[in-house]
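Work through the exercises below with the model open. Each task is followed by a stepwise solution.

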Amino acid sequence: MRPILLKGHERSLTQVKFNREGDLIFSCAKDSVASVWYAINGERLGTFEGHQGTIWSIDVDRFTQYAVTGSADFSIKLWDVQTGQNVYTWKTKTPVRRVEFSPSGDKFLAVLDGVMGYPGSVTVYEVPRDNQTQQLSQEPSEEPLYNILTHEGFEIAAVAAWSFLDRYIAVGHKDGRVSKYDGDTGEFIDALELHTQSVSDVQFSPDGTYFITSSRDSDAKLVDIETLEVLKTYETDCPLNSACITPLKQFVILGGGQDAKDVTTTSSREGKFEARLYHKIFQDEIGRVKGHFGPLNCVAVSPQGTSYASGGEDGFVRLHHFDKSYFDFKYDVEKSVEAQKHMQGLESSA
Amino acid sequence: MAATSVVDIKLEDIPVDDIDFSDLEKEFQVDSEINFDNFVVVDGAPVAPESKVPMLSKVLGKLFSQAGKVVDMNLPLDEAKKCTKGYLFVEFDSAVSAKKAIKMLNGKKLDVKHRLLVNGLSDVEKFGSESFESEFSEPKLPDFQPTDYLKSWLQDEQGRDQFVLHKNDLIGVFWNRNTQQPENAVEPRSNWSNTTVKFSPKGTYLFSYHNQGVASWGGRNFERLRRYFHPQTKALDVSPTEKYLVTLSPEPISVPEDAPADFPFGPESNGHQLCVWDIATGVSVKTFALPPNQSLHWPMIKWSFDDRFCARLGPNALAVYDAENNFELLGGKIMKIENIMDFSFAPAGVKLAANRNNELSSVLAFWTPESNNQSCKATIMEVPTRRVLRTVNLVQVSDVTLIWQEQAEYLCVKVDRHTKSRKTFFTNLEICKLTEKDVPVEKVEMKDLALKFAWEPTGQRFVTISRTDAVDDNPAIPKNVITFFAPEQKDKAAKDDIKKWKACASVTGTFSNTISWSPAGRFVVVATLVTPDTRKADFNFFDLDYTGEKTDNTCDDVAAKVKAVAHPDFYGATDMSWDPSGRFLAVWSSAVKHKLENGYKVFNVTGEVVREELIENFKNFAWRPRPASLLTNAERKKVRKNLREWSAQFDESDAMQADSAMRELILLRRSLLEEWSNYREEMTEGMEEEYNYKVYDQIETSAVDEDFEVVEEIKEEILEEKEEQVDSFEEPETSD
């Protein structure tokens with residue numbers, strides 16, 4: 001697997017994302033310019049320029065019509081993907097840690113930091129759209145749709161993500177908790193003490209019915225959104241910054257490494273700056289991808305499951321198109337179960 | 001005077017002692033020598049008029065004198081009718097002769113109407129007595145003894161094969177578990193057999209040799225099934241469908257006078273050495289005397305593929321017996337064939353071109369050498385019709401070998417010929433195509449003498465080992481040549497009848513002496529096994545359908561791609577045998593033959609050692625054969641199509657076998673996988689019900705090709721540009 005290095009950011013990466021078709025990669029870094037890349041060859045398509053500080057988060061809607069970025073400059077910007085124009089800007093009270101479009105694409109959530117007396121919140125804004133063109137039908141409202149202030153007794157939210165059908169918002173807290181809110185009203189539903197340290201990433205399965213969390217406590221966990229039941233746990237030996245679930249194959253990809261502030265004290269070999277592939281069901285580590293010389297801050301897999309990208313503290317995005325051995329890899333158990341199913345299918349058809 | 005004299009005479013007064021009774025004694029003497037055992041009563045003789053009596057007595061006298069010397073013969077006459085009564089008395093010189101007459105002639109058919117009933121005179125009393133039961137009472141049949149299911153080994157879940165290991169006096173049957181320690185099928189038994197054990201051709205029975213004869217074993221635990229009483233049996237052979245057993249003992253059968261009721265042989269078997277048994281019932285169905293002055297070639301009785309006929313070679317004759325008709329000679333007599341040297345039955349039914357409805361014929365072939373005014377001939381004959389299908393005439397022949405292809409589509413007549421000077425020898429292969437009309441013969445001429453020939457069991461290819469008679473006869477120089485023959489195939493697509501065989505590859509300079517094809521075809525091992533002449537064994541594995549690029553073929557227009565794939569070591573090997581599936585080759589060094597490196601090795605088709613064990617005093621290895629597969633061609637094709645799926649399952653079960661930790665892990669993973677698929681299923685249902693939402697694992701939409709526009713950019717970068725002043729392009733000076 002030969003990676004494509006996406007060199008364009010001047011500082012450490014904060015997030016990478018694929019669009020729904022998997023042909024574009026959106027990345028943002030601490031250098032206040034977000035980039036869009038062709039997934040096929042890693043060529044840069046363009047940039048979103050306008051932020052004044054670190055862009056903590058970026059997302060693109062399912063139509064690849066608009067992208068949204070959340071920045072440390074107390075603002076959220078909506079961008080037209082095709083032109084790269086800033087379409088709208090929301091001012092926020094605190095830095096924006098995470099933004100994500102809902103699956104339907106007509107709203108997005110923003111995780112607002114809890115600083116300067118603000119308790120921190122998950123705030124949902126609306127993006128009014130035309131049903132046909134998916135273009136903005138009117139100027140978006142500056143006011144949020146609703147505001148989920150940090151629950152009493154919880155530490156502030158670090159990350160958040162939407163479930164299927166905009167139904168729930170799953171929020172990962174700094175204290176390791178995961179809480180669940182109604183996606184329409186923002187009403188608190190349930191919470192779970194999942195990790196012992198801060199949750200660093202929440203990413204849903206392709207269909208939005210279960211999600212994976214990564215945490216600084218070195219674990220990643222697979223959780224069902226309906227019941228908040230922990231399905232699987234993946235234990236590693238280093239703090240994790242990001243985790244994603246691969247479509248097509250039953251794997252998860254975890255990224256992390258030595259804390260950014262400790263990097264100078266360790267060599268890159270000991271820093272464990274590798275992406276780790278675990279089997280989603282068997283919870284076994286099946287492989288590692290080396291390359292970054294700093295911790296991995298974010299990992300994302302294409303919705304088709306044919307490639308993945310990781311963004312590191314080292315300022316590079318490494319894009320990997322999986323090769324044949326990845327697709328062919330199967331446990332004997334999986335092979336035999338598939339074979340049995342195949343044979344049963346033959347028998348029933350005969 | 002007379003009255004008084006009667007009264008007066010007193011008994012005491014008679015001087016008894018003085019009277020000479022000798023004349024009376026002589027007259028009424030009861031001959032103590034008379035032995036009723038010497039007499040026989042014969043009934044069922046023709047009723048003849050008085051005038052014909054001398055004639056009749058002459059005929060009968062001649063008949064009975066076959067059994068022994070006839071002392072007297074008495075044909076009583078019916079005075080009223082003036083003709084014989086139809087019975088007679090015969091006196092022999094001894095009881096032995098009388099007994100022989102009873103055995104020989106009782107039930108003898110004199111002609112169509114008359115059948116002699118011969119009984120001993122002393123028996124008449126027994127038969128006439130009241131206590132003699134004249135009613136027919138059915139003999140008591142022994143109760144049916146159910147045996148274990150004899151094919152149980154075929155039901156092994158993993159389809160493993162069994163084999164026999166014989167070390168010291170221990171004989172055990174084991175399950176083959178590839179690389180792992182074989183698993184006992186039964187506890188190894190000591191002294192299971194006097195010599196060795198032998199499986200029947202389809203593996204149902206295991207036979208062992210004992211002082212008293214042979215025993216058959218079978219079922220899950222190899223319990224004894226039957227005993228075949230034939231003392232000192234030295235050789236045994238089983239017919240192809242496992243119906244009959246043939247045993248040979250150097251000791252002629254002797255039937256004791258008072259043979260017990262369960263004695264297997266009748267008096268007619270006295271002196272016979274060869275015996276045919278019905279395997280299932282343990283009954284001796286036929287015995288044969290050995291023809292005198294004949295060298296013994298085992299098997300002495302050869303069977304047709306369906307066990308309907310069997311045949312024996314006799315001097316200048318071939319005796320074919322109909323097994324379904326009490327082993328009567330076919331047509332009532334033996335076939336006179338002058339100088340017949342050897343014969344063999346086709347190992348399978350032959351679908352002759354003339355046969356309708358896919359009928360299969362039993363076919364046999366035999367050959368006769370050159371004689372005064374006859375050329376050497378190989379003849380193919382159909383039985384029971386005795387129709388000659390084809391005769392191949394040959395000249396300048398030193399020896400002929402008949403080699404059938406396993407499907408009996410072809411018969412190779414290997415003809416070892418000599419030049420007129422008889423100095424050099426060479427081989428011609430006359431290949432008869434039995435399924436074609438008129439059985440055409442294709443001739444393959446070889447330049448040297450073929451020592452060994454072997455057909456591919458399932459195919460049309462064959463391998464020979466040949467040797468040129470070099471001037472230098474130093475035995476240390478390897479001179480044998482392995483040659484591969486395959487049907488010529490001009491056009492890959494065409495599947496015509498074979499026109500011609502061509503040598504397509506050869507290996508020279510070997511000591512090879514044995515060819516062993518995998519029962520499944522394709523792979524063949526040509527080996528040098530340790531014999532009195534060779535010291536060091538070696539093995540050459542060949543693949544005849546090699547899929548790689550580089551083959552060892554010398555020509556391309558043949559249906560074979562030969563490649564030597566491996567030549568593993570086992571210097572002491574004395575024997576080898578493929579497993580019935582054709583996946584493994586067992587090679588062993590038997591302590592019976594020599595004491596070097598005794599033990600066995602099992603190779604796979606690529607010549608890798610799967611398992612090896614060196615065992616002191618290891619004697620024998622034998623795979624348990626399997627009956628032919630019941631799968632139809634279509635089913636087989638299906639299996640082949642889904643080979644990947646099957647192999648996935650087998651790989652896993654192999655891994656589970658390998659060690660218990662792996663087994664645990666696999667079971668755990670299996671349950672995890674099932675748990676997950678259950679979770680996803682529940683999720684699918686729940687989501688559908690509650691939110692009308694379809695759960696999926698993967699987004700189907702992807703950037704469609706037509707959305708793309710391929711832009712090709714060529715980037716040229718000039719790294720360095722340099723200008724150099726070159727004086728001239730004069731040729732460099734050359735020094736003289």
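**Exercise 1. List the residues through which α2(A) and α7(B) meet, then classify the contact.**

Step 1. From α2(A), take A:Asp332, A:Val333, A:Lys335, A:Ser336, A:Ala339, A:Gln340, A:His342 and A:Met343. They meet B:Glu645, B:Trp646, B:Ala648, B:Gln649, B:Asp651, B:Glu652 and B:Ala655 in α7(B). Contact means heavy atoms within 4.5 Å.

Step 2. Sort by class: the contact of α2(A) with α7(B) has six nonpolar, four polar and five charged residues. Ala, Val, Leu, Ile, Met, Phe, Trp, Tyr, Cys and Pro count as nonpolar; Asp, Glu, Lys and Arg as charged; the others, Gly among them, as polar.

This is a predicted model: local features need pLDDT of at least 70, and side-chain atom pairs count only at pLDDT 80 or more, while totals for chains, interfaces and linings use all residues. Residues are numbered from 1 along each chain as its sequence is written, chains are lettered from A and ligands numbered from 1 in the order written, and side-chain values use heavy atoms, leaving out hydrogens and water.

**Exercise 2. How do the axes of α2(A) and α7(B) cross?**

Step 1. Locate the helices (DSSP runs of H or I, at least four residues, numbered from the N terminus): residues 332-349 of chain A and 643-658 of chain B.

Step 2. Their axes come within 8 Å and cross at roughly 140°. Axes are lines fitted to C-alpha atoms over the stretch in contact, with angles from 0 to 180 degrees between N-to-C directions.

Step 3. α2(A) is therefore oblique to α7(B). Angles under 35 degrees count as roughly parallel, over 145 as roughly antiparallel, 65 to 115 as roughly perpendicular and the rest as oblique.

**Exercise 3. What confidence scores does the model carry?**

Solution. ipTM is 0.83 and pTM is 0.65.

Notes. Helix = DSSP H or I, 4+ residues; strand = E, 2+ residues; numbered from the N terminus.
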